[in-house]
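Trainee: I would like to learn how to read contacts and charged side chains in a model. Please take me through one.

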Amino acid sequence: ADQLVDALSDRHKIPSLSELETIAAGHDALISRLIELRTDQTTPLVGMRSAKLLLANFQGEEAIGSAFEEDLRRDDRKGIANAIALNLDKVPSSVGRQRLAKAVLEKASHDEKYAKMARTLTTSQDEGVRELAKQTLK
């Protein structure tokens with residue numbers, strides 16, 4: 001059995017990052033697995049928890065940024081795209097927030113339904129994100 005999947009799918013306990021790092025044998029290994037698991041549709045909770053953990057710990061790493069940009073470009077990843085817009089303020093790095101905000105707004109520019117979701121950026125706690133959203137979303 002995959003211990004990481006088991007930990008992420010536990011309905012009663014959300015594991016801490018350090019617990020997950022121990023299971024995955026280190027931070028970098030965990031990030032790689034979370035990137036892989038964020039698109040998991042087979043086990044309840046795993047994909048979304050992986051995506052949210054990546055967002056909450058995104059410090060601007062290229063692998064995470066490009067994974068989320070790919071999610072925002074694809075129509076079959078609405079859940080992750082919504083999670084990015086709704087959890088943008090949880091991203092600890094302002095560089096990371098800006099990068100994802102641009103990708104969210106890019107998707108919103110040609111996806112009317114997603115534009116509604118992207119409006120949450122206009123009330124972001126990050127002034128740069130707020131301004132960008134207000135200029136972009138007319």
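This is a predicted model: local features need pLDDT of at least 70, side-chain atom pairs count only at pLDDT 80 or more; totals for chains, interfaces and linings use all residues.

Trainee: Leaving aside neighbours within four places in sequence, which residues is Ser-9 in contact with?

Mentor: Ser-9 is in contact with Thr-43, Pro-44, Leu-45, Val-46 and Arg-49, once neighbours within four places in sequence are set aside. For a pair at a distance, take Ser-9 and Glu-106: they are 97 residues apart in sequence, and their C-alpha atoms are 32 Å apart in space.

Trainee: Now the charges. How many salt bridges does the structure hold?

Mentor: The general idea is that side chains of opposite charge can pair when their charged atoms come close. In this structure there are 13 salt bridges. One of them joins Asp-2 to Arg-33, with 2.6 Å between the closest N and O atoms. This pair links distant parts of the chain, 31 residues apart: Asp-2 belongs to the segment before α1, and Arg-33 to helix α3 (residues 27-37).

Trainee: What does Lys-107 pair with in the salt bridge at 4.0 Å, N to O?

Mentor: The partner is Asp-75, whose side chain meets that of Lys-107 at 4.0 Å, N to O. These two also link distant parts of the chain: Asp-75 is in the loop between α5 (62-73) and α6, Lys-107 is in helix α7 (residues 94-109), and 32 residues separate them. Lys-107 forms a salt bridge with Asp-111 as well, where the closest N and O atoms are 3.9 Å apart.

Trainee: Is Lys-107 buried or exposed?

Mentor: Lys-107 counts as buried, because its relative accessibility is 4%. Asp-75, in contrast, counts as exposed at 57% relative accessibility.

Trainee: Which residues gather in a patch of positive charge on the surface?

Mentor: Lys-78, Lys-113, Lys-116 and Arg-119 form that patch. Lys-78 is part of helix α6 (residues 78-86), and with a relative accessible area of 51% it is exposed.

Technical notes
Residues are numbered from 1 along each chain as its sequence is written. Side-chain values use heavy atoms; hydrogens and water are left out. Patches are made of residues with over 30% relative accessible area and no salt bridge: like charges are joined within 9 Å, nonpolar side chains (Val, Leu, Ile, Met, Phe, Trp, Tyr) within 5 Å. Accessible areas come from the Shrake-Rupley method with a 1.4 Å probe; for residues, only the protein chains shown count as cover. Lys and Arg count as positive and Asp and Glu as negative; His and the chain ends are not counted. The place of a charge is taken as NZ of Lys, CZ of Arg, CG of Asp or CD of Glu. Helices (H or I, at least four residues) and strands (E, at least two) are DSSP runs, numbered from the N terminus. Buried means under 20% relative accessible area, exposed over 50%, partly exposed in between (1.4 Å probe, protein chains only). Contact means heavy atoms within 4.5 Å.
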